[in-house]
Amino acid sequence: MKVLISVDMEGISGIVHPAETNPERYDYERGRALMTAEANAVIAGVLDAEPAAEVWVADAHGPFRNLLPEELDRRARLVRGKPRPMGMLGGLDERTDAVMFVGYHARAGGGPAVLAHTMSDAVLDVRVGGRSLGEIGLNAAMAGHAGVPVVLLSGDDTACAELGELVPSAVTVAVKQALGQAAAVALHPEEARERLRRAAAVAVEQRARVTPLALTGPLEVEIDLYGPYMVDLATLVPGVSRAEGGRTVTFTAADFAEAYRLVLLLVQLASIKPG
C-alpha cells in the first residue's frame, strides 16, 4: 500500500507563534525540528502496522521546504518545494491508499485555534457549495475526489473537531488545546510523538472504515479576499467574477479537482503586491 503524509507546521505540538513557523524569524529552526520529529513518529506508526508500505511525505507548510531531509526517516520519500501539482497533497496519485494530515490547523475564522488561517492571510474564507472549508476541508475533498480517505489528523483540538465534522471515522490526535490564536496548552513533544505513532498504526489498520470525502460537481466556489486589489487580480482569470460586497470572487468548477486548482492559483495571485 501507499500512504501519503501531508505535514503542516502550525498544528505541531509546542508551536504557537509565527516566530516558530516563519523562515525569517528567530525560532524557526526549532519549529522545523519539531515538525520533522512528528513526521517521523507518524512514518514509524504506519510501518509498525504495514512494514511493506510505501510512505510518501509532503512538506506542506509555507515554502514547502521546512522538513529536515537528513533527519527524516530514511524509509520515506520526501516531496519538497513549490509550485507543484496538488499543492499540499504533492505525491497524491491513483496508487495512494490513505492520506494523513500532520500538524494541521483550523480554518480562517475558526477558533479559538492556534495560528488559524486558510492557505494565506490574504484569504478570509473559502466556501464550496455554501460550506466554509479551510485547508483541512479543501485537502480532504481533493483526496476524496481521487477516491482516497483521510484516515488521520493531528493538530489542536479545534483542527481535530474540524476534520471530525467532515470525516467522522478518521482518527484524530489533539497535541494541544487552543487558548487563542497564539496560545495553547500543549503536550510534551515526546508524549505527542508517542501518541501519533500509536494513532498512525491504528489509522492504517482501520482505513477501510473511512469513507473519502466526495463533493460532486458542478461546484459554486466563493473566496473572500483581504484586499480589493486582490479581487482586481483574481477577476483577470477566465471564469472568475466579482461578487457583491467588493471582497468576494466566485466561479463555477466542473469538479473538485478544478476547484482546487483555481483556489491554489487565486491564493498565489493574492500574494502579489499592488504597483
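Colleague: What are the ground rules here?

Modeller: Residues are numbered from 1 along each chain as its sequence is written, and side-chain values use heavy atoms, with hydrogens and water left out. The model is predicted, so local features need pLDDT of at least 70 and side-chain atom pairs count only at pLDDT 80 or more, while totals for chains, interfaces and linings use all residues.

Colleague: Is strand β2 enclosed or exposed?

Modeller: Largely enclosed by the rest of the structure, because five of the six residues in β2 (residues 54-59) are buried. Buried means under 20% relative accessible area, exposed over 50%, partly exposed in between (1.4 Å probe, protein chains only). Strands are DSSP runs of E, at least two residues; helices are runs of H or I, at least four, and both are numbered from the N terminus.

Colleague: Which strands does β2 pair with?

Modeller: β1 (residues 2-7), parallel, over six bridges, and β3 (residues 76-79), also parallel, over four bridges. Pairing requires at least two DSSP bridges between the strands. Trp56 stands opposite Arg77 in β3.

Colleague: Switching topic, where does Arg95 form a salt bridge?

Modeller: With Glu54, at 3.0 Å, N to O; the rule is a side-chain nitrogen of Lys or Arg within 4 Å of a carboxyl oxygen of Asp or Glu. Arg95 is in the loop between β3 and β4 (98-104) and Glu54 in β2, so the pair ties together parts 41 residues apart in sequence.

Colleague: How many salt bridges by this rule?

Modeller: The count is 14.
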